[in-house]
Structures are given as C-alpha cells and as structure tokens.
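Open the model in a viewer and keep the selection panel at hand. The stops below say what to select next and what is there.

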Amino acid sequence: MTFQATGANRREILTSVTAAGLTLNFALAPKAGAAAAGVGALNAYVRVAPDGIVTIVAKNPEICQGIKTSLPMMIAEELDVDWKNVRIEQADNDPKAYGRQFAGGSMATPLHWDELRKVGAVARLMLIQAAAQAWNCGPGDCTTTPGTVVNTRSGKKRTYGSLALACANIPAPDPKTVVLKDPMDYRIIGKSMPQYDTARIVTGQPLFGIDVRRPGMLYATYVKGPVFGAKVGSADLDAALAVKGVKKAFVVQGDSAAVMPTGGNIGSGLVPGVAVVADTWWAARKGRNKLKVQWAEHPTSTQSSAGFAARAKELAAGPPQRNARNDGDVEAALKGAAKTVEAAYAYPFLAHSPLEPQNCTAEYKDGKLEIWAPTQFPEPGRQLCAKTLGIKPEDITVHMTRCGGGFGRRLGNDYMVEAAWIARETGAPVKLLWSREDDIQHGFFRPGGFHFFRGGVDAAGNLSAWHDHFVSYGEGAGFASSAGMATTEFPSRFVPNYRQDVSVMPLGMPTGPMRAPGSNALAFVHQSFIDELAHAAGADPLAFQIRLLGDKPVVGEAPGAYAAGRMVGVLKAVGEMSGWASRGKLPKGEGMGVACYYSHMGYFAEVAHVAVSPVGEVKVKKVWVAADVGRQIVNPMGAINQVQGSVLEGVSHALHQQITLANGRVEQSNFTDYPLLRIHEAPAVEVKFVITDYPPTGLGEPALPPAIPAVTNAIFAATGKRVRTLPITKDMLKA
Amino acid sequence: MAYTLNVNGQALNADVDGDTPLLWTLRDTLGIVGPKFGCGVAACGACTVHIDGQPMRSCQIPTASVGAAKIATIEGMATHPVGKKVQAAWMELDVAQCGYCQPGQIMSATALLAKTPKPNDAQIEAAMSGNICRCATYVRIRAAIKHASGQKVEV
Ligand code: FES
Ligand code: FES
C-alpha cells in the first residue's frame, strides 16, 4: 500500500519494477504442479478441477486493500469462468513463480492490469486448443461461455473441467498475441464482488498471522530499548525465568545500527533486545514484566520533538542548507505582489498502528526455516533472515498470512527476523507477538516536518510567488526514509516564481513509508497554504485552484507529468456533488473546505463540511470525494470502501494522531494516548469516480492526502482560524 | 489451575493461571482465535465477547472470575438469532477491509441489536464507540447495523 511518493526510494522502486517487467510465469509453480489427482494446472495461477471448480492463486499480500479478490477477478474475467466457481488461494512467497510480491505504492492494479488479464486469456486459449484437438477442428471454430468451450459449428460443448488435464501437452500461446476482451463484455471486472474471505472474517476463522498455530509451539515476547537501537547493558533474567510457564529468557546481542533503514530496506537487521519464551503468551508477558534490563547509553537519547521544533525555527531563520529548485525570481515577485502571506506549518511523527500487532511464527529445523508472517514484502524478509541467521535463502520458506492492516508498517520485516532468531535459539516453533506498546514505540514512523512558506498573489489574483523552506530530517544531501519532497511537488511548475529550499536535522528514530508516504503530510501543508493565498486574493478557493491548474491538459514529462486537466475535472465534480456554490448558506460555526491532490497516479478532489463549537470542538459532518483513477474500477464495492477508509484515516490524522519524542523515546504507548478515529467521529463519505480514458490505477492511498487539508480549510471557513499544526487541538479553535 | 468454562454452549477445560485474561485462555489455550488482541487495555474492542449476553472486553477479564457465566464468541454467532443476522449484513455490505476488528465489531453490534432492535445513529455510536477500526470502515459498520435491523441504508 505504500512506497515513497517522492525522493530516491520511490524512483528506485519504480525503475526496478519497469526494468524487470512483471515476471509473468506461464510455467507451473511447485504448488500448482503438486495439485490433487484429476486437477489440471494451466499455469502458476490457474488450476481447474474435473467438477469445474477453478482455483486462482492470489499472488500479493492481503493487507486490507482487497487485492486477494481483485487480482483474481482480472484472471477470472479473461479465463471466462463464473465467479461462484472460483476458489482463491493465497500464494506463498515465490518470486520465481510470481515475480515481485508486495503491497505498496497502490501499484498492484497498474502493474497487474494487463498482465493478469493475459494470464487468464492465455489459459482460456489453452482450453480452447485442447477442445479443438479433441474435436479435430481449428481453434477458430471454438469459443467459450463461462466454464465451457463451445464448438460454434457443431454446437458441441466441453467443460473446462474435462479439458484441463489435456492442457498439460499444450504449449502456452505467446501472451503478446492474445486479444483481450472488450470491456463491454465484462461479467466480473467492474462488478461489486465481496471480498473472498468475507465469510471467514465474519465468523472468526483463523486467517491472520496472530492465528497461526504449530504443534509444540511456544510464545515469545521481545523487549527492545526505549531509545532506538540501544544495546543491552546488563540484564537480570532470574525473576523472569521463575515465572510459571517461562521456558527461556535470553539476551539478543543484535545490531544497534539495524534499527535504521539502509539501502532502500525498511529496517535492515536484528535490533538488540531480550527475548522471553513461554508456553503461553501471557506467561511470556508476565516474565517480561519481571525482567530487569539496563539499557546502554545511546547517542540519540537527547532527541526530542520540542528540540526539533526549536531547531527547525532556528534553521528557517538562517540560510537554507541547500536549494532544491529555483524558478523565476521569487524575491522580485514577492516585492511586486498585491498580497503576500507568510506561514509556518508543522506535522508530527505518526505510528502506523495496524490493529493486528506485529507478529510472526517461525520454525527452525535441520537447517531449514519456515515462516508464517503477516508481511507486505515477503522476499526482503526472507533475505533479511538469511543474512542475519547465516542460512541460504533457498532454505527459507515464507508463508503469507492475511494482514490485520499494513499501511506500510509491514514493509519492514523486523518482527520476522526477530521471530526467526528466537525460534532458532529456542529450538521449537515460536510465535513472536508484540504488545501494542511495542508496536507504537518501535515503528518506522511517518516523519514529522516543518515548512516555512512565503507566497504572493499579483494584482490580477494569480498565484505569482511561492517560497518554501522545508525543514526535514536527514543527513547531508539525503532525507530520512519518506522524509523527502520532490522538486515537482505541486504547485511547483504552476507558479512562475517558485523556490524550494531544504534543511535537514539528523534523527535517531527510524522512519518509513506510511500510507500515501510524503503525500499524507505534504498535501496538508501545500493545499492549506494555497487556500490561504486564495483567501488573501479574495477568491473562491475552488475557482482559485482551477485557475492555478491552468488550461494545459498535462504539465511536465513522465514520470513527473501532472495531468492538470484530470485534476480540474475532479475539482469541478466535487464542487457539484457538495453543493459548493451554496456553502454561503451554512449556519454560523460551519464551513466547507476544498483540497485536491495527485498521488499514486490518482487525481482526487475532496470537500469537507465541518462544524466547530464555541469551545473549539470539531465535528466533520460530511466529506465528498471525486476521484479519477482511469477508465475502469475493478471492484466498485471494494474501491468505495478503500476511498472511505482513506478519507477517514485522514480525518483521524487531522483530529488526533501524533507521536512525540522525549529523551530519544516515544512518549505514547497505546490507543489511550495515541487515539484513533472512532465511529461517533466518522462523517459520511460520498464517493464519485470520474471515468477518464487512462489505464486503471490503484486506490489504497490517493484518497487520504487531500482529506486533511479539506478539513482544515473547512475549519478556516467556519471560524476564520487557520490550522497550521497537526493534530488540531481545541485550544487552537476556541472562540 | 483447571477451570471449566462455558464457551458457545460447550463446557471446555483450561489449565491456566487464574489471572490469565480470558482473551488468552480462549486464544492460546482453547484455540478459539476469533476474539482478537489489539491493545490489551480495553481501548480497542477487538477482543469483545459476550458474558451472559453483555459485551465485554475479554482482555480485561481474569479467567478465574468467569465462573459458570456463559461466554459467547464470534465463533458462536452463527447460531445466535441476532448474531447470524448481523453476520449476514456484514457479508452483504462487505464491511471489512483487513477484517481484524470485525469479530469485535460484530459482537458489539449483536449485543446492541439484541437490546435495541432498531437503533438510531446516536444509539449505534454509543454502543460501538469502544470498537476501533483502524481501516476506518465506520461508514459501512453503521450501514450494516441498520441493514441488519431492517432499516433503510445508504452506503
Ligand atoms: S484487546 Fe481488549 S480492548 Fe483491545
Ligand atoms: S477492518 Fe481493519 S481494523 Fe477494521
């Protein structure tokens, strides 16, 4: 679901995906080859049983985005089968059979849209070939109805189930030559299909990593230093070992540096800590509470959120460390502007906090490691385990379980390598489970950041000058993971005089991509400041945005191209949906705000309607979303759910969430002091997909970023108070 | 110590320390994994079960305190007259995203509808605000509760 939207990592991932292409493997996966008797395997993805039941492999991790259902829908459509006869099987980590398997960047739909439809189409052609051989006719005389090959001359029929075994001798046609269906003929794609696992979810069946059970399995907890990467100075394990049920307690030397992401990895090894292993998790936890651990002094133990905020201000007052972009002459334009605005914005660190705490089950036997993990990126996890434990990657099997949320957190496989290590030390299958406190305090946090803006509008009401001194985290010329900003960040390229300056501060806290990385913070600051400038110009903020986007349909070159015309389209649509034009009729204390944002190839415009009470309490009453993700919504039911959830997550960021550092430690520990949005705070969210003739793109992320500034801009409309720091507090808005 | 628990109408024996929260006795000792662990401090509702029909956070209930009370988990809802309707509504509207919170949501919703067959928005919010959905499927949770209670819904 997440990858860097900006900066080097994102580009690296994009290039490596394009360079390698998507490995479309028409050979048989080991699993498919070992299928039950009578079942014909057509390729690594598709098996057909004699009774016509079709098993389709879901290659990617399921983290909440519905991909386990929507990718197989693409195959089933072109294979031409009835959806009710489809069974979906989760793939193991198997890059040879399935190429890159990951949940990130809202990229599964764009990456697989052509490829997986071809997987289905190729399999269908093989079934036609098999029927043609049996009938001694040409394949051109055959067509299909769902699950059946039909001879158009004789009217004879053969079910897929009766043909699948014969396909073993039929060479797969070249996928380049297959003709895909006309979308007008779709029976599955574009129809609302409940998630394949829905019945199992509502009946509480074991599906998640935390539900894995192995014979003889023990349970582990792993305690790490409150300052990231701190070494174990000394540990008294006796009291823990005395707890009933505790089998083992031991120090893991680990590697202090492993806590920080390196080389494009999110977390790169085993962090020092103490493991407690017991026959139940509760006993392990009791043992853990009895541990007496002295953590060694750590160089980052003086870092704090307050210190960073003060330092950012100091940096902003001086010359920037570097200039990232400089178009036109900002200083001259500011001097000549009819109106200028200066504003300092800030946003906090955030923890991903998926509801299923990090966990992993590992079993080490005879030099081989077997792993069951809720992970968004299994292959790097396998490589990490191989490197850390000194065993060959071929000797490691990773089974992917359903993830109780991902949001980018499970792109890092720190819990996987911990489980693997503890299992080997223990000599028994072990399920490692983090507590919620572990999860909130040991994440790869969404980095905070600071923007010091100056902007100007000219006499004609056009945005004429934009200067951002962006103070972020990093060292030298590099940003901490997900703490960067592209030089093409909107409104760059749309303002004639634009300057982006950057300074960074070194950070000892690991950061990483979180749902709509970069964008989830940058949308707030940029779309808020544009709103400020619109108000300064005395303009309607929605009309101001449309004017800023101009009349060129596309600005810039791929991969940084920005289809301004598509954004104008969604802005107009959301204006209509929300009754933007009549917002003046809202009662006192209520207001509407608009924001738009492009990320993950999706164009989104959103309007929020809020009410603010005299004591400063915010109620978000409704959010309207107009979204352009191309010509085809694969599974409308799931798509709307993703958009609504993303928007509400944005509202949650705006209203509640922040992680703060003091003495190098995270101050929050659970949902009591790191609150998430609850049902009574959740507005209705109305969604409209604006269909345009572009290839379909993903929906896990792009609805989130504009939700935040839509809310804060609405608060300004309601109260005249500008929110420049997140999360919103009552104090900011008291009348 | 050995406890006999009445879970979903069955008498089950668990040999655990009395202070073990019911959540862990159910999950780790009895293998009933529908109730989920989310926070351990009564803040998320993922672990919700019914104790004599009342929705309770099983992470907060020491096993020793349960006694002969009737425990119902999500696994028992298929035969619960209200629970099965709630499950059906959840499936029809495909409420879940990751699905992890949903057993807890369904347990809270079932307890609500058992007492208040046609809840309004305020009643739904009061009964459901202890259940976090990190994926924020709240729009559909609200809709599914209304749907299960035979009220009109817009998604
Ligand atoms: S785990 Fe019991 S309320 Fe969160
Ligand atoms: S569906 Fe993921 S936490 Fe609710």
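Contact here means heavy atoms within 4.5 Å. Helices (H or I, at least four residues) and strands (E, at least two) are DSSP runs, numbered from the N terminus. This is a predicted model, in which local features need pLDDT of at least 70 and side-chain atom pairs count only at pLDDT 80 or more, while totals for chains, interfaces and linings use all residues. Residues are numbered from 1 along each chain as its sequence is written, chains are lettered from A and ligands numbered from 1 in the order in which they are written, and side-chain values use heavy atoms, with hydrogens and water left out.

**Stop 1: α3 and α5 of chain A**

Select A:I67, A:L71, A:M74, A:I75, A:E78 and A:L79 in α3(A); these meet residues of α5(A) including A:H112, A:W113, A:L116, A:R124 and A:L127. The contact divides into 12 nonpolar, three polar and three charged residues (Ala, Val, Leu, Ile, Met, Phe, Trp, Tyr, Cys and Pro count as nonpolar, Asp, Glu, Lys and Arg as charged, and the others, Gly among them, as polar). The two helices pack at about 40 degrees with axes 6 Å apart, which makes α3(A) oblique to α5(A). Axes are lines fitted to C-alpha atoms, for helices over the stretch in contact, and angles run from 0 to 180 degrees between N-to-C directions. Angles under 35 degrees count as roughly parallel, over 145 as roughly antiparallel, 65 to 115 as roughly perpendicular and the rest as oblique.

Now go to A:C64, in the loop between β3 (54-58) and α3 (67-79) of chain A. A:C64 is not a glycine, yet has a positive phi of about 140 degrees.

**Stop 2**

Select A:D141 and A:R153, whose side chains form a salt bridge at 2.9 Å, N to O (a side-chain nitrogen of Lys or Arg within 4 Å of a carboxyl oxygen of Asp or Glu). A:D141 lies in the loop between α5 (108-135) and β5 (142-145) and A:R153 in the loop between β6 (148-151) and β7 (157-159) of chain A, so the pair ties together parts 12 residues apart in sequence.

Next, select A:A558 and A:P559, joined by a cis peptide bond with omega of about 5 degrees. A:P559 is in the loop between α16 (541-549) and α17 (564-578) of chain A. Another cis peptide bond joins A:L726 and A:P727, with omega of about -5 degrees; A:P727 sits in the loop between α19 (704-719) and α20 (730-733) of chain A.

**Stop 3: where chain B meets chain A**

Show both chains: 55 residues of chain B are in contact with 60 residues of chain A. How many salt bridges cross the interface of chain B and chain A? The rule finds six. To see a pair between the chains, select A:D211 and B:K36, which meet in a salt bridge at 3.1 Å, N to O.

Then select α18 (residues 636-655) of chain A and α5(B), which pack at about 120 degrees with axes 8 Å apart. The contact is made by A:M637, A:I640, A:N641, A:Q644 and A:L648 of α18(A) and B:Y138, B:V139 and B:R140 of α5(B).

**Stop 4: α2 and α5 of chain B**

Finally, select α2 (residues 81-92) and α5 (residues 138-148) of chain B, whose axes come within 8 Å and cross at roughly 130 degrees. α2(B) and α5(B) are therefore oblique to each other. Residues of this contact include B:V86 and B:W90 of α2(B) and B:I141 and B:I145 of α5(B).
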